[in-house]
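User: I have a chain open here and want to go through it bit by bit. Can you take my questions as they come?
Analyst: Go ahead.

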Amino acid sequence: MPILKDQPQLADFQKYVTALEQERGFAKQTTIDKCLLLGEEVGELFKAVRKSEGLLVDSNSNFPEIADELADIFIYLCAIANRKGIDLEEAFRSKEEKNKKRIWEII
């Protein structure tokens with residue numbers, strides 16, 4: 001069973017996801033598989049947020065926890081990045097440098 005070290009860096013999460021996918025038999029899933037699964041998890045997040053915001057919901061439905069769904073989404077993000085050889089920390093920093101140069105305004 002993979003172990004995630006205390007106070008992990010983002011790269012540690014990506015390595016952990018690689019190991020857990022191998023252990024659980026998900027390593028052969030494609031990027032497309034992971035994107036579809038990510039989409040399902042985003043839908044579950046939306047459902048959990050709807051309930052937490054007091055919107056009308058089907059009382060017979062199961063309602064996931066927001067934290068659980070965010071964790072699932074994070075796992076799929078790491079899995080997709082791993083399949084594409086993307087270092088998420090590097091990608092985040094690079095994108096933020098681009099965002100800092102943008103002008104944000106309400107129009």
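**Notes on the chain**

Analyst: Glu96 has a relative accessibility of 30%, so Glu96 counts as partly exposed. Keep in mind that this is a predicted model.

User: Which helix does Glu96 lie in?
Analyst: Glu96 is part of helix H4, residues 88-100.

User: And what does the side chain of Glu96 make a polar contact with?
Analyst: With the side chain of Asn99, at 3.2 Å.

User: How far apart are the C-alpha atoms of Glu96 and Glu69?
Analyst: They are separated by 25 Å, and the two residues are 27 residues apart along the chain.

User: Change of topic. Which residues make up the largest nonpolar core?
Analyst: That core has 5 residues, namely Leu38, Leu45, Ile73, Tyr76 and Ile80. Two or more of its residues come from each of helix H2 (31-52) and helix H3 (66-83).

User: Which one gives the largest share of this core?
Analyst: H3 does, with 3 residues.

User: Take Ile80, then. What is Ile80 in contact with, leaving aside neighbours within four places in sequence?
Analyst: Ile80 is in contact with Thr31, Lys34, Cys35 and Leu38. Of these, Leu38 is itself listed in the largest nonpolar core.

User: Which elements give two or more residues to the lining of the largest pocket?
Analyst: Helix H1 (10-24), H2 and H3. H3 gives the most, with 4 residues.

User: And which residues line the largest pocket?
Analyst: The lining consists of Leu20, Glu21, Arg24, Phe26, Gln29, Lys34, Leu37, Asp72, Ile75, Tyr76 and Ala79. Tyr76 is also a residue of the largest nonpolar core.

User: How do the residues of that lining divide into nonpolar, polar and charged?
Analyst: There are 6 nonpolar, 1 polar and 4 charged residues.

User: What does Gln29 touch, not counting residues up to four places away in sequence?
Analyst: Lys34, Leu37 and Arg83. Lys34 and Leu37 are among the residues that line the largest pocket.

User: How far is the C-alpha atom of Gln29 from that of Lys84?
Analyst: The two atoms are separated by 13 Å, with the residues 55 apart along the chain.

User: Back to the start of the chain. Is Asp12 buried or exposed?
Analyst: Asp12 counts as buried, because its relative accessibility is 15% and the cut-off for buried is under 20%. The residue is in helix H1.

User: What does Asp12 touch, again not counting residues up to four places away in sequence?
Analyst: Leu4 and Lys5. With Lys5 there is also a polar contact between side chains, at 3.5 Å.

User: Last one, Gln7. What is phi of Gln7 near?
Analyst: Phi of Gln7 is near 50°, which is a positive value in a residue other than glycine. Most residues other than glycine have a negative phi.

User: Where is the place of Gln7, and is Gln7 buried or exposed?
Analyst: Gln7 is in the segment before H1. Gln7 counts as exposed, because its relative accessibility is 72%.

Methods: Residues are numbered from 1 along each chain as its sequence is written. This is a predicted model: local features need pLDDT of at least 70, side-chain atom pairs count only at pLDDT 80 or more; totals for chains, interfaces and linings use all residues. Side-chain values use heavy atoms; hydrogens and water are left out. A nonpolar core is a set of buried Ala, Val, Leu, Ile, Met, Phe, Trp, Tyr and Cys residues joined through side-chain atoms within 4.5 Å. Buried means under 20% relative accessible area, exposed over 50%, partly exposed in between (1.4 Å probe, protein chains only). Contact means heavy atoms within 4.5 Å. On a 1 Å grid over the protein atoms alone, a cavity is a set of points where a 1.4 Å probe fits but cannot get out, and a pocket is an open set with protein on both sides within 12 Å along at least five of seven lines; lining residues have an atom within 4 Å of a point. Ala, Val, Leu, Ile, Met, Phe, Trp, Tyr, Cys and Pro count as nonpolar, Asp, Glu, Lys and Arg as charged, and the others, Gly among them, as polar. A polar contact is a pair of N or O atoms within 3.5 Å; within protein, one must be able to donate a hydrogen and the other to accept it, and residues adjacent in sequence count only if both atoms are side-chain atoms.
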